[in-house]
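Please keep the structure open while reading.

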Amino acid sequence: MLLKRVSVKRFLPVMLGSLIALSGVAAKADATLDKIEQRHVLVVGVLLSGGPFGGIDPATQQPRGLNVDLAQELGKQLGAEVQLVPVLPANRVQFLQQGKVDLLIANMEWTAERGEILGFVPTPFYRVGGTAAVLKDSKITRWEDLKGQPVCTSQGSSYIKPLTELGAELKAFKSSSESLLALRGNNCVAAVHDATLINPLIADSSEWQGYRAISPELNPAPSVIWTRRGEQDTQARIDPIIKQLHRSGWLIDAQTRNHITPASPALVELQKQFQANGA
Amino acid sequence: MAIEASGVVMRAWPRRHLGKLFLLIGLGAALLYFALQSPVSKALLQWSPALARGFAQNIVISLVAIAIGSLLGLLVGALALSPLRGLRWPARIWVQCFRNAPWLVLIYFTTYVFPFELRIGGVYFAFPDWLKVTIGLALPASANIAEIFRGAVASIPATQWEAARSLAFTRGQIFRSIILPQCFKRMLPPWMNLYAVITMGTALASLVGVHDVIDTAQIASNTVNKTGFTVVIYLSLLALFFAYCYPISRLTQALERRYAFY
């Protein structure tokens, strides 16, 4: 007899493999959405560096800001309790990748490089560009003038790459306040930060009277909500929520409520766009 | 005798420093008067509860770190004194590794190597960042305490060992009833010194995202966004750490004088 008895054991790997594959298909959604729906907990990494996007209330010591409001709203609409995890520019990507947080709402603008290593919700919730604070009598009027000059910024800022390409000599501080302090101490000729930080400062604050901002905005980029790579289901679940928040004007209200100035023209633009599409 | 002497010292202190004390109070009152009027100090006052809470986090980290470090350090120190090479060498390696590594590297190591949550029997336990930092500080603390312990044992004159051995005490008995009671007294000042250093080391916690006093100060200075405030808030952090560590340092000095051997 040529036929030999075939042991079940030989097929075990195949059977196990197909079982795992089947169970993968059987699951409704990707790991994060499953986790959110099973535990009813949404863990959001927020950047609380101070300022209108994310900070803490000195009286109650509770987190506040646009990032926090958006996280709470998402949690409400997903029916999950929101746990906020404060992140730093240095550790936010790692926290997301290791699963400590499910989403990042952390002033992290979309760039092609980041888009390759992480996933993101396609509709942006904000758009912000950079501007530079320079002394009024400074010779710098265009971004190209920064070539070879010492420029202060903060670590993990999305303006580091365009500034490097301009040939500026970068000094990256831990946060914006140190960078601005360094500018005042003449450690650099310009400090480059979000326009929402620099413009109100120069417009309102008496101690910044001697400074002016450079326009147009550097590298205006959409702020998006980040997920782990390949989590399409989570993104698909959140994207309509963001669109709805644009359409209903919730994001514009949140901007006003958190005193973010100047108001972003992008929000109005996106509201119009989705109102046209949705109606 | 000792109690009497300390009583005299207690009474003599204010009398000797009365002028300085008045000067300090006057200076403080003047500062407070001017301070309360400027917007910078109003902001500082507004943020002080948040700063106090942040500093409480630093103190918790330092206390837990010194507690873990002491327990671990005494164990490692005892192993390092063992006559068995198999026990002595691991302890020596532990001490050398953790005493000579930069604290920040150890903190980064513990923060990014340990998982953020543990699953025990289907229940998720969070492993918070502050605890990871605490462990990161406890490791060098344990190595230093092991060295302090070894040094204290070595500082007991060899003649005491010889005398005890001639009285037919065993090695264990010599340790328990003769050497160790003297050691703990000698270990106290360097131990407190180490505690003060660890407290200052807790400032590193903000670098890995623990919401401590430094982190609070950064949020505050980014929110208020006034150059004067940024300077003042870092100065007040300096004052806060000084106010906590200086009494420890003075107490250490007093203990050193009291237990000095000439």
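Which residues does A:Ser176 touch, not counting residues up to four places away in sequence? In this predicted model, A:Ser176 touches A:Ser154, A:His193 and A:Leu197, and also B:Asn222 of the other chain.

- A:Ser176 is found in helix α7 of chain A, which covers residues 176–184.
- A:Ser176 has 26 other C-beta atoms within 10 Å, and the cut-off for a buried residue is 20 or more, so A:Ser176 counts as buried.
- Between A:Ser176 and A:Ile198, which are 22 residues apart along the chain, the C-alpha separation is 9.9 Å.

**The interface between the chains**

- On the two sides of the interface, 23 residues of chain A are in contact with 20 residues of chain B.
- On the side of chain B that touches chain A, the elements that give two or more residues are α3 (39–80), α9 (213–224) and α10 (227–258) of chain B, and α9(B) gives the most, with six residues.
- By residue class, this side of chain B divides into ten polar, eight nonpolar and two charged residues.

**Chain A: composition and domains**

- Chain A has eleven helices and 13 strands, and 43% of its 279 residues count as buried.
- Of the contacts in chain A between residues at least 6 apart in sequence, 67% join residues that are at least 24 apart.
- The domain assignment of chain A gives domain 1, made up of 31–125 + 224–278, and domain 2, which covers 129–220; the C-alpha centres of these two domains of chain A lie 26 Å apart.
- The contact between them takes ten residues from domain 1 of chain A and eight residues from domain 2 of chain A, and the residues on the domain 1 side divide into five nonpolar, four polar and one charged.

**A:Val41 in strand β1**

- A:Val41 lies in strand β1 of chain A, which covers residues 41–47.
- A:Val41 is partly exposed, with 14 other C-beta atoms within 10 Å.
- Leaving aside neighbours within four places in sequence, A:Val41 is in contact with A:Ala80, A:Glu81 and A:Gln83, whereas A:Glu113, 72 residues from A:Val41 in sequence, is 29 Å away from it, C-alpha to C-alpha.

**Chain B: overall form**

- Chain B has ten helices and two strands, which follow the pattern α-α-α-α-α-β-β-α-α-α-α-α when read along the sequence.
- The radius of gyration of chain B is 23 Å, well over the 18 Å that the globule rule gives for 262 residues, and therefore chain B is more spread out than a compact globule.
- The C-alpha trace of chain B spans about 75 × 60 × 30 Å along its principal axes.
- Buried residues make up 32% of the 262 residues in chain B, and of its contacts between residues at least 6 apart in sequence, 77% join residues at least 24 apart.

**The bent helix α8 of chain B**

- Helix α8 of chain B (residues 171–201) has 31 residues, yet its end C-alpha atoms are only 38 Å apart, short of the 45 Å that a straight helix would reach at 1.5 Å a residue.
- α8(B) bends by about 50° at B:Ile179, and a proline, B:Pro181, follows within four residues.
- The buried residues of α8(B) include B:Cys183, B:Arg186, B:Met187, B:Trp191 and B:Tyr195, and what covers the buried residues of this helix includes α3, α5 (103–113), α6 (129–155) and α10 of chain B.

**B:Ala80 in helix α3**

- B:Ala80 is found in helix α3 of chain B, and counts as buried, with 21 C-beta neighbours inside 10 Å.
- Not counting residues up to four places away in sequence, B:Ala80 touches B:Arg88, B:Ala91, B:Arg92, B:Val95, B:Ala146 and B:Arg150.
- The C-alpha atoms of B:Ala80 and B:Ala67 are separated by 20 Å, with the two residues 13 apart along the chain.

Technical notes
Residues numbered from 1 in each chain as written. Chains lettered and ligands numbered in written order. Predicted model: local features only at pLDDT ≥ 70, side-chain atom pairs only at ≥ 80, totals over all residues. Contact = placed C-beta atoms within 7 Å. Nonpolar A, V, L, I, M, F, W, Y, C, P; charged D, E, K, R; others polar. Rg over C-alpha atoms; globule rule 2.2 N^0.38 Å. Buried ≥ 20, exposed ≤ 12 C-beta atoms within 10 Å, placed from the backbone. Domains from an automatic or database assignment. Expected span 1.5 Å × (residues − 1). Bend = angle between axes of the 7 residues up to and from the residue.
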